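Try each task before you read its solution.

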Amino acid sequence: MDFNENFILGCSAIGAGLAVIAGIGPGVGQGIAAGHAAAAVGRNPGAKSEITSTMLLGQAVAETTGLYGLLIAMLLLFVKPLLP
């Protein structure tokens with residue numbers, strides 16, 4: 001391996017690490033959403049099903065960004081970036 005190949009592989013590893021950081025945002029957002037939903041159910045127990053379904057839909061949408069980050073990290077680590 002020459003310098004260029006090692007440089008590309010190193011940059012791929014750094015990019016994969018940065019892509020995994022994208023998982024922090026959905027985790028924080030889902031925690032905040034669950035906390036607010038629990039508070040809303042505490043204030044209005046009769047609307048529990050509506051609050052829960054809205055919260056779960058929002059969490060599913062928020063989770064997609066984390067999954068995209070994981071997908072990019074997997075591609076950067078396991079797909080061969082250098083073609084012969």
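**Exercise 1.** Find the place of Ile14, and decide whether Ile14 counts as buried or exposed.

Solution. Step one: Ile14 lies in helix 1. Helices are DSSP runs of H or I with at least four residues, numbered from the N terminus. Step two: Ile14 counts as exposed because its relative accessibility is 57%. Exposed means over 50% relative accessible area, buried under 20%, and partly exposed in between (1.4 Å probe, protein chains only).

The model is predicted: local features need pLDDT of at least 70, side-chain atom pairs count only at pLDDT 80 or more, and totals for chains, interfaces and linings use all residues. Residues are numbered from 1 along each chain as its sequence is written, and side-chain values use heavy atoms, without hydrogens and water.

**Exercise 2.** Compare the span of helix 3 with the expected one.

Solution. Step one: helix 3 covers residues 48–78, which is 31 residues. Step two: the expected span is 1.5 Å times one less than the number of residues.

**Exercise 3.** Which residues of helix 3 are buried, and what do they pack against?

Solution. Step one: the buried residues of helix 3 are Ile51, Met55, Gln59, Gly66, Gly69 and Ala73. Step two: they pack against helix 1 and helix 2, where contact means heavy atoms within 4.5 Å.

Notes. Helices (H or I, at least four residues) and strands (E, at least two) are DSSP runs, numbered from the N terminus.
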